[in-house]
Amino acid sequence: MLTVASDIEVLARFGRALADPIRCRILLALREAPAYPADLADTLGISRTRLSNHLACLRDCGLVVTVPDGRRTRYELADGRLGHALDDLRAAVVAVETDRTCAEAGDKGCC
């Protein structure tokens, strides 16, 4: 059972990052390899402005970092374990019965 505030805050921060499909796509792309913003925007089919906002959120959450590369800035996962965590989380959710719906889905919009 999580009782330490920092544990709860860390998980909540991770949950906020995963709450948006674009941020999920960014994290999954960076799981494969570091990338430059322009390339990420093209790959994901979104504007650079929109991508920039999502990258700022992921930076603020501590999930991605910037790496200076000459005149450019590359983005990558802050820790390689995040890639493994994304894989494990995805596998665990897929393993759960797909016909189940959260009891609060109608009221709170979850699931």
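The following legends describe close-up views of a predicted model.

Local features in this predicted model require pLDDT of at least 70, and side-chain atom pairs count only at pLDDT 80 or more, whereas totals for chains, interfaces and linings use all residues. Residues are numbered from 1 along each chain as its sequence is written, and side-chain values use heavy atoms, with hydrogens and water left out.

**View 1. Overall arrangement of the chain.** The chain comprises six helices and two strands, where helices (H or I, at least four residues) and strands (E, at least two) are DSSP runs numbered from the N terminus. Their order from the N terminus is α-α-α-α-β-β-α-α. Of the 111 residues, 23% count as buried; buried denotes under 20% relative accessible area, exposed over 50%, and partly exposed the range in between (1.4 Å probe, protein chains only). Among contacts (heavy atoms within 4.5 Å) between residues at least 6 apart in sequence, 49% join residues at least 24 apart.

**View 2. The largest nonpolar core.** A nonpolar core is a set of buried Ala, Val, Leu, Ile, Met, Phe, Trp, Tyr and Cys residues joined through side-chain atoms within 4.5 Å. The largest such core has 21 residues, and I26, L30, L51 and L63 have the most contacts inside it. At least two residues of this core come from each of α1 (5–18), α2 (21–32), α3 (37–44), α4 (48–60), β2 (72–77) and α5 (80–95). The largest share, four residues, is supplied by α2. In soluble globular proteins, nonpolar side chains tend to be buried together.

**View 3. Surroundings of I26.** Leaving aside residues up to four places away in sequence, I26 touches L40, L44, L51, H54, L55 and L58. Of these neighbours, L40 and L44 are among the buried residues of α3.

**View 4. The two faces of α3.** The buried residues of α3 are L40, A41 and L44. Viewed down the helix axis, these residues fall within an arc of 100°, so they line one face of α3; the arc is that of the directions from the helix axis to the C-beta atoms. Cover for the buried residues of α3 includes α2 and α4. The exposed residues D42 and T43 lie on the face turned away from the buried side. Just after α3, G45 adopts a positive phi of about 70°.

**View 5. R72 over the ring of Y36.** R72 lies over the face of Y36, at 3.6 Å from the ring centre. A charge counts as over a ring if NZ of Lys or CZ of Arg is within 6 Å of the ring centre and within 35 degrees of the ring normal.
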